[in-house]
Amino acid sequence: MGNESQSVSEGIKDSTRSFLLTINLKEGRNLVIRDRCGTSDPYVKFKLDGKTLYKSKVVYRDLNPKWNESFSIPVKDLNQKLYIKVYDRDLTTDDFMGSATVTLSELEMDKANELLLSLNDPNSLEEDMGLVLVDMSLSLRDGDSKRGPSGSSAQNLRLSESLRKSQLWTSVLSVTLVEGQEMPLDSQGGQLFVRFRLGEQRFKSKNHCRVSNPQWRERFTLNQFVDSPDALEVELWSKEGRRSEDCLGACEVDLSRVPFDQRQLLTHTLDQGKGRLVFLLTLNTCSGVSISDLCAAPLDEPHEQENQLDNYSLKSSLKNLRDVGFLQIKVIKAADLMAADLNGKSDPFCVLELGNDRLQSQTIYKSLYPEWNKVFTFPVKDIHEVLVVTIFDEDGDKAPDFLGKVAIPLLSVRRGQQITYPLKKEDLGGLSKGTITLDVDVIFNPVRASIRTFQPRERRFLEDNPKFSKKVLARNVMRVQMLFRAIMSTLHYIKSCFQWESVQRSLIAFLVFLVTVWNWEFYMLPLFLVLLIAWNYIQIRSGRVAQDEDNMDVGDDEEDDEKESERKGLMDKIHMIQDTIITLQTLLDGIANFGERIKNTFNWSVPFLSGLAILIFVTATILTYYVPVRYVVLIWGINKFTKKLRNPYSIDNNEVVDFLSRVPSDVQKVQYSERRGSRKKKLL
């Protein structure tokens with residue numbers, strides 16, 4: 001035992017040694033109740049050095065869950081503590097169920113250590129929070145945990161060339177999902193959606209309510225590679241709730257029979273006779289994607305650059321409207337990356353994404369300062385897309401480790417400049433470790449880009465289901481409040497002109513109002529918007545108004561919610577979100593009341609008010625028939641401007657809002673209903 005402890009101490013001191021920690025999560029015993037039904041849905045997270053290393057599956061409705069899950073993680077410093085945290089899975093925020101810690105230096109080497117860990121929470125009054133049973137074994141291993149590429153440099157070159165060719169697509173398949181026909185209606189509720197699959201690419205349509213002939217009208221594109229299959233798989237799915245999904249039928253389209261540059265209208269009957277799907281297919285060739293060495297950058301060649309400039313010049317604006325532009329990215333190098341391997345190094349590679357298009361660089365092994373020196377080109381389908389460059393650490397057969405990310409909107413690209421970008425975290429909410437040097441160049445046709453701006457934006461292939469987050473909810477409520485304050489500030493400014501708080505400002509506003517209304521023409525409306533945008537541009541350029549984005553917190557919402565769940569008890573969490581929920585509740589109530597009162601004005605909920613509205617509308621109709629609208633607006637404006645002068649003690653009001661405040665909302669109609677009250681009396 002003493003020799004083993006000594007070997008552990010030597011391993012701690014020797015920085016070249018590394019260890020492999022193997023954990024078998026067995027079960028939990030007598031865990032605490034967190035759900036109203038008297039059970040919990042527990043899962044376990046293992047954290048080391050502030051990072052989540054492993055997350056177990058969720059065992060639903062069980063206070064004595066059995067996981068029986070095993071995993072291994074590399075460890076370099078045995079002085080660290082491993083945190084084992086148990087949570088209760090919830091649709092909203094996961095509840096904290098307790099935690100335990102294990103000091104790695106106390107584990108015996110090369111031996112299975114069976115540990116029965118007691119869970120505790122310093123913020124909870126519960127004394128017994130249950131136990132977690134785990135087996136841990138610690139073994140010494142060599143510093144090099146991952147194998148780099150073996151063989152000669154020629155073999156590595158062939159591997160790199162094979163990687164390059166496998167990524168380049170030769171044609172683009174444009175799919176327009178039109179409608180479904182004679183869909184099965186086994187149940188009244190639920191939703192329908194369609195999944196398309198071409199090789200590894202998958203696209204999911206929007207959810208549509210379950211009807212016999214759903215209308216989707218969606219367009220998307222899929223890339224066809226040299227070695228990709230020729231069969232486009234189409235599946236119809238039904239969805240009820242968040243988790244229940246059933247495949248209703250499927251069909252396949254043989255793309256080898258689809259001619260190029262011709263739109264095909266296809267109506268395919270699903271297997272088992274469960275309806276038909278109607279969609280359009282167009283197969284076009286694509287030549288704008290490439291991967292090359294730094295010395296062979298396409299735009300560095302004068303002839304190629306001239307061809308691209310001519311292709312996207314103004315005189316060629318109407319030739320191919322879908323081909324908006326050409327993007328070239330020189331991925332030069334990165335510096336000071338995070339060390340993801342036990343040897344203190346990383347095996348970094350880059351992934352470049354533009355919309356649904358994706359390219360990948362080669363891996364530079366055992367380096368924190370990699371130099372790729374590669375050039376990637378993409379065809380630009382929408383100038384409003386964002387180029388996302390992500391650096392990963394290659395981890396053999398395991399999923400790659402994230403090292404950093406940078407996002408660059410195409411409209412912000414400054415041509416011909418080599419820029420070093422700081423890497424950000426995975427959610428782009430904060431800075432990560434390291435930098436990346438890129439040289440981005442984009443050529444686009446402004447006419448095609450402008451036309452594309454007024455067409456539907458391309459959706460991601462597969463989008464994750466959103467999860468409730470207190471932080472996101474609070475942030476969105478704050479954003480709505482800021483917009484509401486800006487609107488109210490503008491209205492207060494206009495109101496101050498009517499109230500003559502500043503004689504000079506009110507006099508100028510009154511004269512501008514008179515001149516504008518007297519000489520009003522419709523062209524003045526877009527002219528006013530032009531002047532407003534130009535005024536804001538001048539304000540920003542002069543530095544008087546700053547585009548402040550630093551006060552927007554977009555950090556890791558899930559991690560923050562977990563920390564708050566651990567730190568706060570149940571009552572603290574309730575009080576923490578109470579203000580946010582009340583604000584949201586009040587906002588939604590105000591919007592619903594406003595809409596319902598307009599509706600109830602027209603459906604005779606209160607005959608007196610509906611009759612009064614008819615009288616006002618008839619009067620306005622006769623008045624505007626004989627009197628030009630210009631004069632009516634002038635009379636209204638003069639009345640508003642001179643009201644304060646005629647009666648200094650008058651109360652300012654808005655006649656339309658005052659009228660609508662007398663109309664009951666749907667909730668008030670139910671509350672004031674005599675039938676509802678009489679029914680209750682009969683029941684009594």
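**Close-up views of a predicted model**

**View 1. A network of salt bridges brings three residues together.** Welcome to the first stop: Lys 26, Glu 114 and Asp 135 are linked in a salt-bridge network. The structure, which is a predicted model, holds 15 salt bridges.

**View 2. Strands β2 and β3 form a hairpin.** Here strand β2 (residues 42–48) and strand β3 (residues 51–55) run antiparallel, joined by four bridges. Look for Leu 48, which stands opposite Lys 51 in β3. Two residues lie between the strands, and Asp 49 in the turn has a positive phi of about 60 degrees.

**View 3. Asp 293 and Lys 374 meet in a salt bridge.** Their side chains come to 2.5 Å, N to O. This pair links distant parts of the chain, 81 residues apart: Asp 293 belongs to strand β18 (residues 290–293) and Lys 374 to strand β22 (residues 371–380). Asp 293 is partly exposed, at 38% relative accessible area, whereas Lys 374 counts as buried because its 15% relative accessibility falls under 20%.

**View 4. A salt bridge joins Lys 433 and Asp 336.** The side chains meet at 2.7 Å, N to O. Lys 433 sits in strand β26 (residues 431–444), while Asp 336 is in the loop between β19 (325–335) and β20 (348–354), 97 residues apart. Lys 433 is partly exposed, with a relative accessible area of 39%, and Asp 336 is partly exposed too, at 35%.

**View 5. Arg 257 forms a salt bridge with Asp 254.** The closest N and O atoms are 3.6 Å apart. Arg 257 is exposed, with a relative accessible area of 73%, and Asp 254 is partly exposed at 35%.

Conventions:
Residues are numbered from 1 along each chain as its sequence is written. This is a predicted model: local features need pLDDT of at least 70, side-chain atom pairs count only at pLDDT 80 or more; totals for chains, interfaces and linings use all residues. Side-chain values use heavy atoms; hydrogens and water are left out. Two strands pair if DSSP finds at least two bridges between them. A salt bridge is a side-chain nitrogen of Lys or Arg within 4 Å of a carboxyl oxygen of Asp or Glu. Buried means under 20% relative accessible area, exposed over 50%, partly exposed in between (1.4 Å probe, protein chains only).
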